[in-house]
Amino acid sequence: QVQLVESGGGLLQAGGSLRLSCAASGRSFSNYAMGWFRQAPGKERESVATISRNGIRTYYVDSVKGRFTISRDNAANTLYLQMNSLKPEDTAVYYCAASSRGSDYSTQNLGRFYDFWGQGTQVTVSS
């Protein structure tokens, strides 16, 4: 079991920045590929950014490339999402998730491949 707790969400104006954190406890954090997902009202959940177990490989959905950065600190059991140049369309509940699939160098970009999920943190961007 892995317990995940997100923090760092909030309300801000377009163009601003936020850093989300996801604290993990339980089994070894470094054994899991990690990801950030989001779900806006009335929309399906989408993969925002994912990262391999060793932090070397990353994936970003096209809409956030160049604005968001995913990173992890395996020593601190923490996942991060730095979000810059935020837009109103980034408004959603953001979830972190852990996947036991794959190798040290693989990312997991589909939600159904994730085993554990956090409770989510709300990000609201006003225009």
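This is a predicted model: local features need pLDDT of at least 70, side-chain atom pairs count only at pLDDT 80 or more; totals for chains, interfaces and linings use all residues.
Good morning. I begin with the disulfide. The count comes to 1 disulfide, formed by cysteine 22 and cysteine 96 with their sulfur atoms 2.0 Å apart. The torsion about this S-S bond is about 50°, so the disulfide is right-handed. Cysteine 22 belongs to strand E3, residues 18-26, and cysteine 96 to strand E9, residues 92-99, so the pair ties together parts that are 74 residues apart in sequence.

Is alanine 23 buried or partly exposed? With a relative accessible area of 40%, alanine 23 is partly exposed, because that value falls between the 20% and 50% limits. Leaving aside residues up to four places away in sequence, alanine 23 touches Gln3, Leu4, Val5 and Asn77. Threonine 58 is 35 residues from alanine 23 along the chain, and the two C-alpha atoms are separated by 19 Å.

Finally, the sheet. In which order do the 4 strands of the open sheet stand? The order is E1-E3-E8-E7, with antiparallel pairing. Strand E1 (2-7) and strand E7 (68-73) stand at the edges with a single partner strand each, so one side of each has no neighbour in the sheet. On average, and ignoring direction, neighbouring strands here are turned by 15° against each other. Strand E7 is joined to strand E8, residues 78-83, by 6 bridges. Across this antiparallel pair, aspartate 73 stands opposite threonine 78 in E8.

Thank you for your attention.

Methods:
Residues are numbered from 1 along each chain as its sequence is written. Side-chain values use heavy atoms; hydrogens and water are left out. A disulfide is a pair of cysteine sulfur atoms within 2.5 Å. Helices (H or I, at least four residues) and strands (E, at least two) are DSSP runs, numbered from the N terminus. Buried means under 20% relative accessible area, exposed over 50%, partly exposed in between (1.4 Å probe, protein chains only). Contact means heavy atoms within 4.5 Å. Two strands pair if DSSP finds at least two bridges between them. Axes are lines fitted to C-alpha atoms, for helices over the stretch in contact, and angles run from 0 to 180 degrees between N-to-C directions.
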